[in-house]
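Keep the view open as you read, and take the points in order.

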Amino acid sequence: MSAWGLLRLRQRLEHGLPLTARPWQTLAEQTGLTEQEVMTAVDQWQDQGLIKRLGLVVKHRTLGYTANAMVVWNVPDRWVTSVGEAIAGAPFVTLCYQRPRRLPDWPYNLFCMIHGVDRNRVLSQIDSLIADKHLQDFPHAVLFSTKAYRQRGGRYVSHD
């Protein structure tokens, strides 16, 4: 495989996969590699940890989801896994993950996202989540997003 082709492939991957029927073939044509070389390189980069995952960046606001809430929970560490699994099982929860507390100012260690088109509906969903999953005893806060920040994928090549 050509070193220049691999560099061009990394640069192209920073912009995401092409929206074509055969994205690997399109990348091959753009980089001077073969389709098989592109797939092999991406597999190797994933095995080496250079690429952690290939995923979709969804621009929620563009799709009409403007009532987006992060609910942060203070859950005892011994229960965080089971509570997190229960929260993640709710059909309207789009993301749920654990993060370390930042005491003394930030006691929360479990985070979940609910993307919605109506603020009152999202608040109602949070109320039902608390009731259905028996979360009344866990302190929490609801943080609605007020701004959409630029979303982008990984960066693999220095641009200085």
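1. Q125 sits in helix 5; helices here are DSSP runs of H or I with at least four residues, strands are runs of E with at least two, and both are numbered from the N terminus. Setting aside neighbours within four places in sequence, Q125 is in contact with F92 and I114, where contact means heavy atoms within 4.5 Å.

2. A word on what you are looking at: this is a predicted model, in which local features need pLDDT of at least 70 and side-chain atom pairs count only at pLDDT 80 or more, while totals for chains, interfaces and linings use all residues. Residues are numbered from 1 along each chain as its sequence is written, and side-chain values use heavy atoms, leaving out hydrogens and water.

3. Next, the largest nonpolar core has 21 residues, and W73, I87, V93, L129 and L135 touch the most other members. Such a core is a set of buried Ala, Val, Leu, Ile, Met, Phe, Trp, Tyr and Cys residues joined through side-chain atoms within 4.5 Å. At least two of its residues come from each of strand 1 (67-73), helix 4 (80-88), strand 3 (110-116) and helix 5 (119-132). Not counting residues up to four places away in sequence, W73 touches I87, Y108, N109, L110, C112, L129, I130, L135, F138, P139 and H140. Another core, of 10 residues, lies apart from this one, and L9, L13, A41 and I51 are among its members.

4. How do helix 1 and helix 3 pack? Helix 1 (residues 3-13) and helix 3 (residues 35-48) meet at an angle of about 70 degrees, with axes 11 Å apart. Axes are lines fitted to C-alpha atoms, for helices over the stretch in contact, and angles run from 0 to 180 degrees between N-to-C directions. The two helices are therefore roughly perpendicular (65 to 115 degrees; under 35 is roughly parallel, over 145 roughly antiparallel, and the rest oblique). On the helix 1 side the contact uses L6, L9, R10 and L13, and these meet V38, A41, V42 and W45 of helix 3. These residues divide into 7 nonpolar, no polar and 1 charged; Ala, Val, Leu, Ile, Met, Phe, Trp, Tyr, Cys and Pro count as nonpolar, Asp, Glu, Lys and Arg as charged, and the others, Gly among them, as polar.

5. Helix 1 also packs with helix 2 (residues 23-31): their axes come within 9 Å and cross at roughly 125 degrees. That makes helix 1 oblique to helix 2. In this contact, G5, R8, L9, R12 and L13 of helix 1 are joined by L27, Q30 and T31 of helix 2, a set with 3 nonpolar, 3 polar and 2 charged residues.

6. Finally, do look at the loops. H134 lies in the loop between helix 5 and strand 4 (140-144); its phi is near 55 degrees, a positive value in a residue other than glycine, and H134 is exposed, with a relative accessible area of 60%. Q136 is found in the loop between helix 5 and strand 4 and counts as exposed at 52% relative accessibility.

Notes
Buried means under 20% relative accessible area, exposed over 50%, partly exposed in between (1.4 Å probe, protein chains only).
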